[in-house]
Amino acid sequence: MAANPHAVIVGGGIGGLATALALRRRSWRVTVLERRTSISEIGAGITLWPNALRALDVLGLGPHVRSRGKALVSGGMRDQRGKWLTGDVMRELAAQPDGGILVLERRHLLAALQDALAGDEQVGIRVGAAVGGVTADAVVDGALRGDVVIGADGLNSAVRRALWPRAEVRTTGMVAARLIGKLEDSRAVGGGETWGRGDYAGLSPLPEGRLYAYYVTRRVPEASRALPWWQQRFAPWHYPLPQLLAAATPDELLCHELFELVPLDTLVCGHVALVGDAAHAMTPNLGQGACLALEDAVELAAALDSGGAVEDRLRGYDRSRLPRVHRLAKRSHTAGLAPAVSGRTLTAIRNTLIRLTPLGVSVRAFRGVADWNPPAGAAGDKPAFG
Ligand SMILES: Cc1cc2nc3c(=O)[nH]c(=O)nc-3n(C[C@H](O)[C@H](O)[C@H](O)COP(=O)(O)OP(=O)(O)OC[C@H]3O[C@@H](n4cnc5c(N)ncnc54)[C@H](O)[C@@H]3O)c2cc1C
């Protein structure tokens, strides 16, 4: 391999840019190919768990990202009338040695990654570059060759389609609507989730009095996905879930059907590796998709910086990532089943079980997800944001 090896990264989302940054910190040259005409993220919030923050620390962005977000310090689970089903889980999590969950706007996370790459002549970011095909020996669209190609092109990855033709994406049968809003009324709002009968919603305070909310329901016909449908559906729910919908404009509401990728047997093929949703798109119920993409970036760069042939280095990445991403994809899938329960009796039983569950169980579950640590020596050598 050349002294300054070259990675071609397909996709300029969180996974792609984080991988570019992780590789730059190990002196790789990177080219990012993004099909959109600009690097941009949808206008929603994102929760980052301590594992993601550890990955961002390795990338030199931890302090900056923490300063743009808000720590979830209070909240838990409620029923749709607002009756608490749990104690203050978020407070317990925030008191953990590594802290709890940070919430921020996605665009701030993407901007932090983009800014850290800006002005570096070893980084090429090409927008409006939709990749159609990749070969296992790292040639993109028959023209651009890298020492490796990284597929960071999301749920419907073209890289995965080319080299993992049997991979299967399946619907969860649910649709999510997301928005960021602000209410005139400044009542204190905690974070957490609210579970109804077949529908559920979540709420997280953001800096400057803004709120991130999501609403999930069974798949509804495309034509019904407009704002009035959601306003009506969640109208009887507790404050401020309906109020945020009532104050939203149609273009502020982002609706997506929720899909997951059937777990892959391997994340690598020859000189090609997958990261992020291309590798392990999962339901959002654990809030781990982007967190894992950040972990992938750090681990892939560390593996590629080790000795030996590129294929062997990538196999090292595969070995270290597969068990964790399989475990969390499964857990995320399971975590999506309980809130989607819709029968009256089953819902009542579920809510009683939640009430009876000690807080310590939630804390242990949280730690079991957030228990990732960067590989030794993963700090790279280049400072970002001073
Ligand atoms: C409702 C919902 C809530 C979520 N909440 C959270 C959360 O709170 N915390 C969390 O950690 N995760 C969350 N996730 C998951 C998270 O959004 C994803 O896991 C994460 O965005 C994946 O990042 P990525 O870079 O792998 O893929 P993407 O964000 O999909 O980026 C892929 C990029 O590749 C580009 N691209 C696609 N095809 C091509 C091509 N052929 N050529 C070139 N470029 C291409 C796309 O334009 C895009 O920019 C949530 C997901 C959903 C649906």
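I began at V149, which stands opposite V272 in β17; two strands count as paired if DSSP finds at least two bridges between them. The model is predicted: local features need pLDDT of at least 70, side-chain atom pairs count only at pLDDT 80 or more, and totals for chains, interfaces and linings use all residues. Residues are numbered from 1 along each chain as its sequence is written.

I then looked up the strands concerned. Strand β10 (residues 148-151) runs parallel to strand β17 (residues 272-274), with 3 bridges. Both belong to an open sheet of 6 strands with mixed pairing, in the order β7-β2-β1-β10-β17-β16. Its edge strands, β7 (123-127) and β16 (268-269), each pair on one side only.

For the protein I noted 13 helices and 17 strands; these are DSSP runs numbered from the N terminus, helices being H or I of at least four residues and strands E of at least two.

I next examined helix α11 (residues 310-335). Its 26 residues reach 37 Å from first C-alpha to last, close to the expected 38 Å, which is 1.5 Å times one less than the number of residues. The helix bends by about 35° at R321, and P323 follows within four residues; the bend is the angle between axes fitted to the seven residues ending there and the seven starting there. Among the buried residues of α11 are Y317, D318 and R321.

Finally, I recorded that 47% of the 386 residues are buried, that is, 20 or more other C-beta atoms, placed from the backbone, lie within 10 Å of their own. The C-alpha atoms fill a box of roughly 60 × 45 × 35 Å along the principal axes.

Methods:
Buried ≥ 20, exposed ≤ 12 C-beta atoms within 10 Å, placed from the backbone.
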